Amino acid sequence: MEDVIFSTQEIIKIKSVEGAPKEGMPFGEGPYRALEYALNLAKDMGFETKNVDGYAGYAEFGEGEETVGILVHLDVVPEGDGWDYPPYKAEIHDGKIYGRGAIDDKGPAMAALYAMKSIKDKKMPLSRKIRIIFGTNEETGWGCMKYYFAHEKAPDMAFTPDANFPVIHGEKGIIAFDLVKEIKDTCCGDISIKSIKGGNAVNMVPDYCEAVITAKDFSALEKKFNEFKDKTGYQMATEKDGDDIKIKAKGVSAHGSTPWKGKNAISYILEFLGEILDCKCDICDFINIYNEKIAFKHHGEAIGCGFEDDVSGKLDFNPGVIEMKDGKIVLSINIRYPIKSSSRLVYDGIRENLEGTGIELFEDEGEMKPLYVPKDNFLVQKLMKVYREETGDKDSKPITIGGGTYARAMENAVAFGPVFPDEEEIAHQANEFISVNKLLLLTKIYEKALYELAK
């Protein structure tokens, strides 16, 4: 089992954040190098492999008319700040492999690949083929899966090891969009705002935000800043450079599907600016609206989209990126809406709520529709059986989530692991890791799952 540990470390070392496209590398060099590594490894294991024009790839073995698929992704979100260990060194400390992508999704991808190898090496009898599909653009648009399924036949059933155990049989709808306001006046009395910038990706809770301002009375500003820090306990600091004052806020990153688990640095900055600005200028209007309708309200309850249902619960609302420049301020939002709701209800509710504010909503075309697979489905039942047998957990039931996985890229697919019910969610956070023991356990679980589905 040392091989799966080594391979996980090696692929984590590849910084596979989306980059500028190159010939044969539609999502940049990093994701392509990760794909190349996985395909070469699979080929060395004796699997039939194919690189699907740099967008995705697969490895497979077995006989039969039907195919069981495993959908994994090799791209990662940006590393962000606050790491105790280098995010691309894959160092092992206290039995844990640290690095961006360790749990989301490179560790589980390697566990699934080595599970396939174990089945192949043991010559376990199968009636279906097993194919692992490697994606390279899951975090930033799913262009990989769109291309793959336009050129390759979909498996007859599949799971993705990219969410939670026991089985995810439902996923909320996902949309991302921009709220934009023209800013003609950035001066409010003695204070002028020169810039605001924060966040790395719309589907991450932003762990850093900064604003650059000028103030005629720095000592008075500093006094208000210190009082605000003492009152809130936020991690914030100021930095003076000539007439400019940079206000910096440090939050805690989390996945955009669970915004309440993070600490949003954008909200910290705008809350402070709201306390020191007091007029009717464009920037003040935007800040006041943000603080009234968006800040720390994780379910859209104050901006016209606080929907929920009995299947998947409440809507999740994450302000992920902000930037003020070129005469406007742009706030990028990520929403996970309930399975029984719709994007149109969300957009209409927000637009109606913001009517007359001068804030425009620009829809993104990359909507992911909700996923729902009944609990009595063959795939759900088989995977639940394996989970219960391998973990001894007889109480957990199939669940729904706000996260978006590759399961919704095809029919008859669900998410299966890797996070256990009692585990902390660490995807998209600093110090992301996968424990060695967990990596080995996942390999065992996925081996049994694949055999049960393909035998």
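Q: Let's start with charges. How many salt bridges does a search of the whole structure find?
A: The search of this predicted model turns up 31 salt bridges.

Q: Why would side chains pair up like that at all?
A: Opposite charges can pair when the charged atoms come close.

Q: OK, give me one. Which residue does K13 meet in a salt bridge?
A: That's E10, with N to O at 3.0 Å.

Q: Got it. What about K22, who's the partner there?
A: K22 pairs with E29, and the N to O distance is 3.0 Å. K22 has 46% relative accessible area, so K22 counts as partly exposed. E29 is partly exposed too, with a value of 39%.

Q: Which residue does E390 form a salt bridge with?
A: K448. The closest N and O atoms of E390 and K448 are 3.3 Å apart.

Q: And where do those two sit in the chain?
A: E390 is in helix α9, residues 378-391, while K448 is in helix α10, residues 436-454. They are 58 residues apart, so this pair links distant parts of the chain. K448 is partly exposed, at 25% relative accessible area.

Q: Which residues are linked with E390 and K448 in a network of salt bridges?
A: K385, E389 and K444 join E390 and K448 in that network.

Q: New topic: helices. How do α1 and α3 pack?
A: Helix α1 covers residues 2-12 and helix α3 covers residues 102-121. Their axes are 9 Å apart, and the angle is about 140 degrees.

Q: What do you call that kind of angle?
A: Oblique. An angle over 145 degrees would count as roughly antiparallel, so at about 140 degrees α1 and α3 are oblique to each other.

Q: Is the crossing left-handed or right-handed?
A: Right-handed, for α1 passing α3.

Q: Which residues make the contact?
A: From α1 you get D3, V4, S7, T8, I11 and I12. From α3 you get A102, K106, G107, M110, A111 and Y114.

Q: How does that split by class?
A: The contact of α1 with α3 has seven nonpolar residues, three polar and two charged.

Q: Buried or exposed?
A: Buried: the relative accessible area of G54 is 4%.

Q: So what is G54 in contact with?
A: Skipping neighbours within four places in sequence, G54 contacts G24, P26, Y32, L35 and T136. As for F27, it is 27 residues from G54 along the chain, and their C-alpha atoms are separated by 8.3 Å.

Q: Last one, E239. Where is that?
A: E239 belongs to strand β14, residues 235-241. E239 is partly exposed, with 37% relative accessible area.

Q: What does E239 touch?
A: Leaving out residues up to four places away in sequence, E239 touches D244, I245, K246 and K248.

Q: And how far apart are the C-alpha atoms of E239 and E60?
A: They are separated by 55 Å, with E239 and E60 lying 179 residues apart along the chain.

Notes. Residues are numbered from 1 along each chain as its sequence is written. This is a predicted model: local features need pLDDT of at least 70, side-chain atom pairs count only at pLDDT 80 or more; totals for chains, interfaces and linings use all residues. Side-chain values use heavy atoms; hydrogens and water are left out. A salt bridge is a side-chain nitrogen of Lys or Arg within 4 Å of a carboxyl oxygen of Asp or Glu. Buried means under 20% relative accessible area, exposed over 50%, partly exposed in between (1.4 Å probe, protein chains only). Helices (H or I, at least four residues) and strands (E, at least two) are DSSP runs, numbered from the N terminus. Axes are lines fitted to C-alpha atoms, for helices over the stretch in contact, and angles run from 0 to 180 degrees between N-to-C directions. Angles under 35 degrees count as roughly parallel, over 145 as roughly antiparallel, 65 to 115 as roughly perpendicular and the rest as oblique. A crossing is left-handed if the near helix is turned anticlockwise from the far one by less than a right angle, and right-handed if clockwise. Contact means heavy atoms within 4.5 Å. Ala, Val, Leu, Ile, Met, Phe, Trp, Tyr, Cys and Pro count as nonpolar, Asp, Glu, Lys and Arg as charged, and the others, Gly among them, as polar.
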